[in-house]
Amino acid sequence: MNQSRLKAKSLVLIVILSAGVAALSGNTPVFARDLTIAVPKNPDNLDPATENSNPNLRVVLSLYDTLVRFDYRNDGKIVPGLATEWKALDPKTLEFKLRPGVVFHNGDTFDANDVIATFSDVRLGRDKSVPTESEEFLGGIERIKAVDNMTVRIHIKAVDPIALDRFATFPAQIISETALKQARSYNDFTKLDAGSGPYALVSHEIGGATVLKKFDAYWGEAQAAADKVTFVTVPELSTRVAGLLSGQFDMITEIGTDEFLQIEGNPNGAVAGGPIETLRGVIFDSIDSPIADPRIRHAMNLAVDRRALVKGLYDGRTDVPRGWQVKTFGDMYLQDRPMDAYDPQKARELLKEASYDGKEIVWRTQHNYYTKQGETAQIVQSMWKAVGLNVKLEFKENWTQVLADTPDRAIIDASSGAYYPDPIGQFWRRLGPGGSFTKQKFFTVSADMAALGEELSTSVDTGHRRAVFAQMLDKFDEDPHSANFYTAAHFIGVRKDRLTYRALPTEYLDLTTTGVSFR
Amino acid sequence: MNLQPQSQCRAHPLISVQGVSVVFASGQSGSALRDLSFDLMAGEILGIVGESGSGKSVMCRAIAGLLPPSAKIKGQMNFEGRPYPLSDRRLLAGLRGHGIAMIFQDPMSALDPLMTVRRHLALRTPGDPGPLLTTAGFGDPGKILDSYPHQMSGGQCQRVAIACALAREPRLLIADEPTSALDVTVQASILKHLKAVAAERGMSIIFVTHDLAVAYQLCNQIIVMRNGVILETGSAAAVLAAPRADYTKHLIASMPRSRPHASGIMPQTSPPAGLRPIGVPSARHPALRLDNISVGYKTPDGRRFDAVRNVSVDVGEGEIVGLVGESASGKSTLAKAAVGLVTPSAGRISMNGRVVDWSRPEPSWRREIQYIFQDPRGALDPLGRIVHQVRQPLDIHRLGDKGEREAVARARLLETHLDDKLFGRKPGSLSGGQRQRATIARALTVRPRVLICDESVSALDVSIQAKILDLLLGLRDKYALAILFISHDLSVIQHICDRVVVMRHGKLIEEGPTFELFRNPTESYTRDLIAALPRLPDAPPSHLSEQEAAV
Amino acid sequence: MNWYLFRLGRACITILLLLILAFFALAASGDPAQILLGPDTSQAAIDAFREKWGLTLPLWQQFLIYLNGLLHMNFGLSYRTGESALALVLDRIPVTLSLVLPTILLSIALGVPLGILSAMHRGRFIDRLAITLSVVGLSVPSFLLGVLAMYLFSVKLGWLAPSGYVDWSSYIMPVATLSTVGIGTYARFTRSAMVEVMSRPMIETARASGLSEGIIHRVHALPNALTPLITITALEFGHFVTYAAVVENVFGWQGTGSLLIESVSARDFAVVQAIMIITGVTMILANLLADLSYGFIDPRIADLRHRSARRLRTVCES
Amino acid sequence: MILRQNLSPAIVGCFCVLSFLTVLVMAAPWLSPSDLSEVNLLDRFRPPVFMGGTWQYPLGTDALGRDMLSLILRAIQVSLTIAVIGTIGGAIVGTTLGLVAAWIGGILDAIVGTLVDFQATIPTLILILALITVLPSADFTVFVAIMIFHGWDRYARLARAIALSAKSQPYVQAQQIMGASTFRIITRSVLPNAMAVLLVNMSINFPQTILAETTLSFLGVGIQPPDVSLGLLIGIGRDQLFNAPWVALMPGFLILITTISISVLGDWARDLVEAD
């Protein structure tokens, strides 16, 4: 920050001090097509590659485009995005034909250079110069070449059944090369509006509001539904609800089923949303912990009454998962697998077999990192207690405290998003040898499992892959490194006198005409 | 009881009070009044005399309408011919300022600390404050006008308070012990001014005091009060010269006066057998020797301020040495240095020929010297039982077992003539005199050789004061105690001391045997002190021992 | 002059303590890389982050670097945003002040008269009522009050916008919520101060010389009872800032308090440090200012200052 | 005498409230109908009897279907324990430091003075917030220990002032002259006499400690579930204030009457002290 800005701010401060009460920001005139959305938190920065948290995902779909995209409203099929067509030249090479006439918010015209810039080492932080989370997702890219101005060819390191998926979602959002070059530093860049999405960025205040406006030059059919969108930070749930009911907000995110009655009881309130492609559960520490014995972990899985959880906490408005999979997997979804079983009798027997002696098992959780996190933990704890498991809850402040590899670490909370509608994008990403939990020494992946995983990752034959995945899930049930409780659900409160909202089964918020229609 | 007006110049009294009774809701019967009546002529000064708890302040407040709502008042008064029911505080409030004004004992807290003298006066009168201040006794009012109360001395504050009271030219000024907290020379000057104002303006004054001599000097009329009733009224001369009530006689007899050989409580200025003759310093074996003591502080601006400068005092065995001086003369500092409460910057302290250094005290030294404070209330731990507090020095020095200590403590308390029913009480339920006896008993528990009495009787009523002084004298004789007796009250000093040391501004200015020093002071300051001393007429006769039996 | 030096010295030591506490305590509490990058982050990203922010250096070196930066008005950069921590905090200060200052004014404007009323009717019904009200104000958790008010005035009645800044009426609920504590505090303080002052001999002297009760209250009792109010206000300022954090959270205002809460849980060291330092320095300045203005009102203060100066000297000499 | 005079019905009432709460705290383990961790998903948000509920849950249930009566009993126990220990602990720490600082003076006085300044300068809750987040696990004991930080400085200030004035009190000087040790003087004379003032301050500090606990629980750094405190119950219940108001309002009401009782008694005690 330069000196003059500091001075200006001090001046503002003085003015306000002397005035006592000051106007903070201009009173925004209400237009018919303005949308005010109250969220618990706004993103700290807008570079999609930096963070894949709820706050970011809510905003990025409006700001950025990907080469291809999942049509979530149509079984997750891949449809054209900034690329009009694509083909696999060989199992390790993808070629994209780029969409002509696309302009970025900064006025730049889209071409192959932008794609190359987006996936460059510098931008993705593969030279470790900047912190991004791209490695796990895009680490397989070997090199990118522009065939011509509107054609790019991407070479990947190994055969990858979901290679195309990787360019359909986080963190593959295409950014403008000019923006990247203009930014003097990475931090500058994270504040830039470098995308080509249906909305352009107006302002972004850390911890405050994020304001978007309709991008008139957007190429797509589904245009921005609103002229202006304001994401307001309102950390308190009850305040968000009050704001919705009193008409201050048009939409509010992150509500629970307990609020439904109140919102739907209001003539102008409605609730949208439902289960998303994320599984909520826990990760077990099966190395050096009281639950090292697989029978105990198996018992834990059997002791959780998931139906009761879904009914009690979610009013039945989400799903009990059928193993480590979500419906968006499409072809890879094993419909006929049973839901995760609830069998307390068998759980007790297993515990007896494992001669579990009531040793304390520590479960590290947090209050509200995930929706209904604390409540879920307390309910599951009591279910486990019912079969004789002595689980102690420890509420932590942050991830360092949760993850710390001390001898008492046994259970930690986790949620696993299916970024790609495939087991590799979820199950194997989280529980395979390349996942962060293996690195943090929660468990080791057995050789058999690793072999199966390799098969799953390299085969491109769907039938074979389904068989392999089923095998893996069976194997996993016997020696689980995790337990899933339910499919996570996102609910959005909506002013139905103003608009209707059709939610996506993801954390993305669809603010285009396909998602939002004003009355 | 009605006071017959002595003055013939007016037919009607300025104020006539009839049948005042006051009862406090909280049931503190001690300070209630029972059916009082008196008259006061314009221009006259009425003295109300009585010991603490006699109800004299309550009566003044009743007249001025200043009693708290918890007081139930009956009776009425006629003021300038108009009747006022005393229970009507609002009506009385209307009288304050131009009709009746009142001043109080503690001058330092009587004024608003946030205001200059000028504002104090401006609140009360739009006129020029100068003459008012001159009337109250300021030679150069301009100097004081812009001062704040904390920048002035007690005497100056009281004068400002008087000026405030006089600002609306009241017909009656009620003064409740206005000079008790002041030095004797200041007191003399204020009394003189009050008298002059009364004469000049034809204003009446009701002057409340515990000091008969003050009342005698100032007043035309005197009322003697006790336990809420008037015992005696009459002209000042008549009441003091020929008291009718026994209590008045007792009061007069208790007054320490400048008649050395008159009665049993008078100091034995002739030395006890075997001791040195009076007036010869240091002939006795000195029990306490203060040698060239200086005590210095640093003032805020970094300069050095010597509270005591090169003072040497000896106190011999069985000798009582008086240390006199006005406030801030350094007498208390010197006494505190003697027991190590203050560290002297120079000089030497020795006890029984041995030099003591209080910064490295030996436990045995502590047993040889004891100190009695002015306020017996503060000197006793309010939470401890009397006998335990008297036992404390033995506990501290681990002398004897528990039973023995208790026995010694009781013996000492009996020695001070404290009723043994009080031994188990806490100080709160004891009177001032009883408390002072307990502190004396405590000081004597370890059989000290030296006793320092720092204004030890100043806070006590005159009759109790007399008894305590008697007790000290008795103990001195019994144990050959060396006593350093500090007081600003020359009459007390005159009573009890063999020898007197006068201090001023931290320096010793005069020293000599009591009798000679009082008869023939060499320093002008000492002369002023003695001259300012209020005196009773030399007439009255009685024997205190009889009086004491009677009371 | 000594007094000022003494106060200044104390203030500097306090600030240093503050810096040490802020830096080492927070540094001990968690790895910002892990916290900021989340649970799924690769080790490489974490290492990169640590390298970038100098977190691989020994703590004391980090502290020295930090101190050196402070000397150049550099409070460091926010880990979260890469922006200047100072700028982030300065951005938010007006919001908090715009809540806290009206709150203080309202608290004084209502609390002081309530306390005076109470003292004037000591022991009577009106006194009991005032005391009870002020205790209720002190006892109800402000967030609960805030949510209840919001439900009533926003949802049920629809009079006020429940959160954020819309227009001036947005101040009503947060300021009222915050003020309950302040009104209670000032009422209780004023009452006991008035009762104490009214029992002083100077009041009786004033009455005895014929001043009316009205003048006595206005001229003697109030100024004497209210001078310490300055000091109380300086000290209460900290409480207000703390409670403002809660109220900001409830009403969705982006002030310093909510920034602090965000930053503490995110271990955004630089921002937390900047807030603590700025709050601390503000408090120190507020106290200094209170002391100074006290000197204008109370002529005895000069003596007080001399006394502290003397104490300093004894400290230096011993 | 003074005692009898000032015993108004309000004070008797406050005494009763506090005694009742104390009895509840003592008897909580026997009175609780059910275990704290007993979650009943089918019985979430049952209203209390007085709001149309059944006697199965006299005070209703919370978001997890836990029995509110058991929760509140435990919460009173936890909150009062924290407040009592925090208050007394703060009193002990602060008083000791204040007394020692005043008596010994010099550098020690300067150090304690600076610490007190420091504490007064940094809003306590912010300091506690920082401290709590530092500690790896903020369990009950740690939390209680931290609450001592809330208000110790006031005791230190008070104790220091008391000790300084006591130093010039004749009865203390008398003991010095008698040769009593400093320790003896402080423990036998100064402290007992300061007790009344300190107790009054404790009555002021106590509600503040309860409120601090409440605020910290609101911010999620107080008592951790599945344990409960009054503050945590309010914190949890605030989201359901509209559809299940009893969850937050009952503990809120308890906090209110507790703090009012203590404050009223504290004022009364102060009047007694001042009347002396």
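The model is predicted.

**The sheet in chain B**

Chain B holds an open sheet of 6 strands. The strand order is β6-β7-β8-β3-β9-β10, and the pairing is mixed. Strands of a sheet pair through backbone hydrogen bonds, either parallel or antiparallel. At the edges stand β6 (100-103) and β10 (229-235) of chain B. Each has a single partner strand, so one side of each is left without a neighbour in the sheet. Between neighbouring strands of this sheet the average turn is 15°, direction ignored.

β6(B) pairs with β7 (residues 172-176) of chain B in the parallel sense, over 4 bridges. Within β7(B), Ala175(B) stands opposite Ile103(B). Helix α10 (residues 246-254) of chain B packs on the sheet. The helix touches β3 (45-49), β9 (221-226) and β10 of chain B. Its direction makes about 100° with that of β9(B).

**Nonpolar cores**

The largest nonpolar core has 189 residues. Among those with the most contacts inside it are Met300(A), Trp363(A) and Phe485(A). Helix α5 (residues 85-120) of chain C gives the most to this core, with 15 residues. Domain 1 (2-71) and domain 2 (86-317) of chain C both give residues to this core, so it lies between them.

Leaving aside neighbours within four places in sequence, Met300(A) is in contact with Phe284(A), Ile291(A), Ile361(A), Trp384(A), Leu389(A), Val391(A) and Ile411(A). Of these, Trp384(A), Leu389(A) and Ile411(A) are also listed with the most contacts inside the core. Apart from this core lies another, of 100 residues, including Leu35(A), Ile144(A), Met251(A) and Tyr370(A).

**Thr230(A)**

Is Thr230(A) buried or exposed? It counts as buried, because its relative accessibility is 16% and the cut-off for buried is under 20%. Thr230(A) sits in strand β10 (residues 228-233) of chain A. Not counting residues up to four places away in sequence, Thr230(A) touches Leu35(A), Thr36(A), Ile37(A), Ala209(A), Thr210(A) and Val211(A). Leu35(A) is also one of the residues of the 100-residue core.

**Annotated spans in chain D**

An unreviewed UniProt entry places the feature "transmembrane region" at residues 7-31, 71-93, 100-120, 126-149 and 246-266 of chain D. The table gives the computed geometry for two of these spans, including 71-93.

| Span | End C-alpha separation | Content |
|---|---|---|
| Residues 71-93 of chain D | 32 Å | 100% helix, 0% strand |
| Residues 246-266 of chain D | 29 Å | 100% helix, 0% strand |

Terms used
Residues numbered from 1 in each chain as written. Chains lettered and ligands numbered in written order. Predicted model: local features only at pLDDT ≥ 70, side-chain atom pairs only at ≥ 80, totals over all residues. Heavy atoms only, no water. UniProt positions renumbered as here; feature names shortened; annotations may be inferred. Helix = DSSP H or I, 4+ residues; strand = E, 2+ residues; numbered from the N terminus. Pairing = 2+ DSSP bridges. Axes fitted to C-alpha atoms, helices over the stretch in contact; angles between N-to-C directions. Contact = heavy atoms within 4.5 Å. Core = buried A, V, L, I, M, F, W, Y, C linked by side-chain atoms within 4.5 Å. Buried < 20%, exposed > 50% of the residue type's maximum accessible area, 1.4 Å probe, protein only. Domains from an automatic or database assignment.
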